[in-house]
Amino acid sequence: MRVFVTGASGFIGSAVVPELIGAGHQVIGLARSDAAADALTHAGAQVHRGELADLDSLRAGAAASDGVIHLAFIHDFSQFREAALADLRAVETLGAALEGSGRPLVIASGTLGVSQGRVATERDVPAPDSTAGPRAAAARTTLALAAHGVRSSVLRLPPSVHGEGDHGLVASLIATARDKGVSGYVGDGSNRWCATHRSDVARLFRLALEGAPAGSVLHGIAEQEVPVRAIAEAIGRHLDLPTLPVSPEYAERHFGWLGAFLGADAPASSALTRELLGWRPTHHGLIADLEQGHYFRDASSRSTAV
């Protein structure tokens, strides 16, 4: 299958590309820079120049493919609604190029904000005013394409897709701990995140591309619930910093934009996804990954970009 991948040189995309190639697929990766193009070429993929805002480039890439995996997202959480709108426009463009073809479109979304205080499943729909609300429009648009001849699916990812090179929420939490001199968590820290290693996520994207039925919602969840306090304690151990609570009222001031996410109690299950596609995560969990130390080796953990 000739697969067009947006975000192909990113943290997750750079695992998805070799997963696809290893399974015999041909990959065409979207690249907005020379560095991204070089990385894709080195990985064995073809390069399609463009970016998320270049809708003509997205349209051409999708039209020339046998299927699309959409991973690109502007991870500026200080302007999350604007980023979600750009994502929606990209999905609309990709979907229009595939309409009536029966070809697959798999997009990345998130579990954070789908439900609060209980285990979210693939059947849950996020409320419009939830943390996931702004990004949910792209997911709804993707699922609606199933009625227009697209084998569309939405793959929701956990707050932590971890592994070497991660610059996401956990890396941002580490950067905050370094800056503040304390590894913090919100309230008593008993609220839960879910997590998955990026290699397991990459395999699930391939399985979804190859076999997810039209209109599927999938959960890429390996660990259903990891207490946020346990994450903060692991960070504190490695940075030799105290681990202390931050009151919910003070969370935004202490953590910045991260405060809106850190206090969420957002466990999630992937039972339906495992049954549907036979996916079985095999890599180590988030705390074990933190204990390996690669998150703390250099200044990369200071980045807030995913």
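Arg59 has a relative accessible area of 38%, which makes this residue partly exposed. Its salt-bridge partner is Asp56, with the closest N and O atoms 2.7 Å apart. Asp56 counts as exposed, at 55% relative accessibility. Both residues sit in helix α3 (residues 55–63), and because they are three residues apart there, about one helical turn separates them. The model described here is predicted.

Side chains of opposite charge can pair when their charged atoms come close. In the whole structure, a search finds eleven salt bridges. The table gives three of them, including the pair already described.

| Pair | N to O distance |
|---|---|
| Arg59 and Asp56 | 2.7 Å |
| Arg297 and Glu164 | 3.2 Å |
| Asp265 and Arg192 | 2.8 Å |

A salt bridge joins the side chains of Arg297 and Glu164. This pair links distant parts of the chain, 133 residues apart: Arg297 belongs to the segment after α12 (286–292), and Glu164 to the loop between β7 (160–162) and α6 (169–180). Arg297 is exposed, at a relative accessible area of 56%. Glu164 is exposed as well, at 52%.

Asp265 and Arg192 also meet through their side chains in a salt bridge. Asp265 lies in the loop between α10 (259–262) and α11 (271–277), while Arg192 is in strand β9 (residues 192–197), so the pair ties together parts 73 residues apart in sequence. Asp265 and Arg192 are both buried.

Salt bridges also form a network, which links Glu19, Arg206 and Glu210.

Conventions:
Residues are numbered from 1 along each chain as its sequence is written. This is a predicted model: local features need pLDDT of at least 70, side-chain atom pairs count only at pLDDT 80 or more; totals for chains, interfaces and linings use all residues. Side-chain values use heavy atoms; hydrogens and water are left out. A salt bridge is a side-chain nitrogen of Lys or Arg within 4 Å of a carboxyl oxygen of Asp or Glu. Helices (H or I, at least four residues) and strands (E, at least two) are DSSP runs, numbered from the N terminus. Buried means under 20% relative accessible area, exposed over 50%, partly exposed in between (1.4 Å probe, protein chains only).
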